[in-house]
Amino acid sequence: MPIKVENLSKIFGKKTKEATKLLDEGYSKEEVLEKTGCTVGVNRATFEVEEGEVFVIMGLSGSGKSTLVRLLNRLIEPTEGSVEIDGQNLATMNKEDLREIRRTKMSMVFQKFALFPFRTVLDNAEFGLEVQGIEKEERTQKAKEALDLVGLGGYVNQYPSQLSGGMQQRVGLARALTNDPEVLLMDEAFSALDPLIRKDMQDELLDLQETMKKTIIFITHDLDEALRIGDRIALMKDGSIVQIGTPEEILINPANDYVEKFVEDVDRSKVLTADKIMKRPETVDYDKHGPRVALERMREQGLSSIFVTDRSRNLKGYVTAEDARKAREEGVSQLSTIMKDDIPTADLETSIQDIFNIIHDAPVPVAVTEDGKLRGVIVRGAVIAALADGNEVNGDGA
Amino acid sequence: MVLDNIPYIPVADGVDWFVDQITDWFSFVFDPIKDGFGWLLDVSADSLAMVPPIFIIILVAILAFFLSGKKFGLATFTIIGLIFVHNQGLWEELMFTFTLVFYASLISVLVGIPVGILMSKSKLAENIITPVLDFMQTMPAFVYLIPAVAFFGIGMVPGVFASFIFATPPVVRFTNLGIRQVSKELVEASDAFGATGNQKLFKVELPMARRTIMAGVNQTVMLSLSMVVIASMIGAPGLGREVLSALQRADAGPGFVAGFGIVILAIIIDRFTQNLNKEK
């Protein structure tokens with residue numbers, strides 16, 4: 001368990017004690033500001049990050065996410081609460097221990113890169129080792145390895161101003177990787193890059209993560225980004241964490257209106273429609289086939305249910321594997337006896353937003369129909385994938 | 001009148017008393033400084049005056065050539081200007097003035113940069129030092145000559161002292177400003193990688209603030225130059241003394257000639273320090 005955060009708070013202002021008390025009594029951020037003049041940066045954040053996990057903290061600007069990440073390495077002093085890394089409480093340790101943690105266990109990547117303009121790419125990457133007093137030879141070697149890793153091996157003698165934004169952030173990433181930390185704090189690391197480069201960097205980070213297996217805490221305001229790279233996502237609002245979950249959990253079970261609204265804001269949910277993400281459906285014929293065929297097809301395709309249509313592909317219902325198995329054992333040969341017709345359906349033009357609501361508590365995939373004819377099927381995973389990865393969506397079904 | 005009822009406050013007497021006391025109390029500091037530093041100044045100026053002028057002119061011209069990025073403009077100006085000063089028989093005075101400016105700015109910078117760093121690191125220090133700097137800069141420069149004489153007698157040493165007080169504020173202010181202007185993310189980056197306070201200062205803040213600090217150094221040097229001219233009133237030798245004596249005799253010609261000498265020196269020093277800043 002590399003990182004365990006408990007009741008971590010930051011209150012900016014003078015009357016922090018009073019403000020803490022008001023928060024305990026359940027007053028809101030605005031009310032606390034009004035009564036005490038204190039700004040609540042982070043309000044009792046509690047979460048744990050697993051080793052090797054990409055943990056995304058997401059929120060709009062002003063939600064406290066940047067403050068929170070700075071509390072984790074104490075660039076900002078916490079008002080109360082604890083940050084445990086490998087069992088040591090970072091929030092209370094002395095300056096020397098803190099420095100040691102920063103040097104060896106945690107590195108940070110910054111939104112605006114924060115490269116030293118008067119240092120070459122190599123010297124920038126060496127910085128973390130340089131302050132530790134590591135020999136020049138060793139740190140050069142390690143810095144070069146890190147630069148190779150991010151694909152900048154050929155640029156060691158350039159200055160940051162000679163590089164593009166994407167390359168500069170690679171230097172920032174290399175600098176953070178050079179001292180081989182356990183935890184990587186990335187504060188809106190890709191937000192300053194243009195969308196195409198941003199996507200490349202996300203992919204590259206994921207590739208690197210395959211081999212590095214670092215614990216990454218990634219701050220972003222961009223839900224798409226969070227969905228793409230996060231193993232788990234923590235959503236912040238007004239300094240509080242309102243929901244923590246896997247991307248799927250967040251999308252399908254928004255904890256409250258705020259999260260729901262966030263999810264709605266995913267652009268594509270308005271643009272993408274059912275026909276763009278549906279797949280070709282597996283079916284059995286109502287008139288021709290019995291439970292045995294249905295069961296066989298489900299087994300071949302690895303499905304737990306299958307749609308039933310008539311000869312002209314009019315949707316009749318579905319059978320589940322369980323029912324089909326039972327029917328076969330009992331020697332029933334007609335599908336009609338075990339067929340269910342409480343099928344969740346959608347039109348070709350139904351938006352992803354609405355499909356969420358349908359798929360939410362449906363027992364089987366959503367059937368996409370046109371004039372009663374089955375045209376495609378949408379599984380839960382496709383919805384998530386489409387949201388997380390809109391650019392690659394294309395209708396390979398129907 | 002109500003105002004007439006307020007008794008006269010003897011501020012002037014107080015300052016007199018204060019300066020007298022300081023002179024007495026610290027004579028054990030002032031006297032060795034006067035002797036030792038005075039000797040250093042004399043030796044430096046005399047040695048410079050002993051070097052054949054042509055060597056100095058060539059050396060300065062070469063420096064100018066390289067400092068200005070291998071351009072001939074500044075080098076040419078340097079050669080013509082220095083030959084002109086020599087031609088007017090003011091070479092020795094020029095050497096004295098340069099020595100004074102050199103030591104006065106050196107001391108200003110050596111004291112000013114650390115004070116500026118202190119100011120940038122501590123809000124309290126900034127609050128205390130800022131009004132002191134304001135005072136030092138706005139008080140008419142002539143006023144400093146009086147305690148300077150009390151402490152160090154007459155000659156070059158009080159000139160350097162007065163110049164130090166008058167010329168130090170810019171480098172202090174610019175150092176403070178330069179360090180405070182370093183972007184927050186860069187400071188955070190150095191903290192986040194576990195730099196100590198000193199590492200942060202020397203590896204990040206000072207390099208980042210270098211240009212601003214050098215602009216302050218340039219200001220300080222120019223103020224030193226203006227002050228050592230005024231310091232001729234308390235017996236500091238050099239071009240200023242020529243101006244002063246021309247003034248006393250209402251002699252426009254020699255006054256302007258010595259004035260030109262100062263302008264030439266000022267331009268050379270200014271361009272040199274500016275080019276130091278540009279390099280890289």
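This is a predicted model: local features need pLDDT of at least 70, side-chain atom pairs count only at pLDDT 80 or more; totals for chains, interfaces and linings use all residues.
User: Is helix α3 of chain A mostly covered or mostly open?

Analyst: Burial is a neighbour count: with C-beta atoms placed from the backbone, 20 or more others within 10 Å of a residue's own means buried, 12 or fewer means exposed, and in between is partly exposed. Helix α3 (residues 65-72) of chain A is mostly covered, with eight of its eight residues buried. Among them are Lys65(A) and Arg70(A).

User: Why does Gly178(B) count as buried?

Analyst: Because it has 24 C-beta neighbours inside 10 Å. Gly178(B) sits in helix α9 (residues 156-180) of chain B. For contacts, the test is C-beta atoms, placed from the backbone, within 7 Å. Skipping neighbours within four places in sequence, Gly178(B) touches Ala209(B), Thr212(B) and Ile213(B).

User: At what angle do α6 and α7 of chain B cross?

Analyst: Axes are lines fitted to C-alpha atoms, for helices over the stretch in contact, and angles between N-to-C directions run from 0 to 180 degrees. Under 35 degrees is roughly parallel, over 145 roughly antiparallel, 65 to 115 roughly perpendicular, and the rest oblique. Here the axes of α6 (residues 91-121) and α7 (residues 123-138) of chain B come within 5 Å and cross at roughly 130°, so α6(B) is oblique to α7(B). Val115(B), Leu118(B) and Met119(B) of α6(B) meet Ala125(B), Glu126(B) and Ile129(B) of α7(B). For residue classes, Ala, Val, Leu, Ile, Met, Phe, Trp, Tyr, Cys and Pro are nonpolar, Asp, Glu, Lys and Arg charged, and the others, Gly among them, polar. This contact has five nonpolar, no polar and one charged.

User: Into which domains is chain B divided?

Analyst: Domain bounds come from an automatic or database domain assignment. Chain B has domain 1 (50-87) and domain 2 (91-280), with centres, taken over C-alpha atoms, 23 Å apart. Each of these two domains gives nine residues to the contact.

Conventions
Residues are numbered from 1 along each chain as its sequence is written. Chains are lettered from A and ligands numbered from 1 in the order in which they are written. Helices (H or I, at least four residues) and strands (E, at least two) are DSSP runs, numbered from the N terminus.
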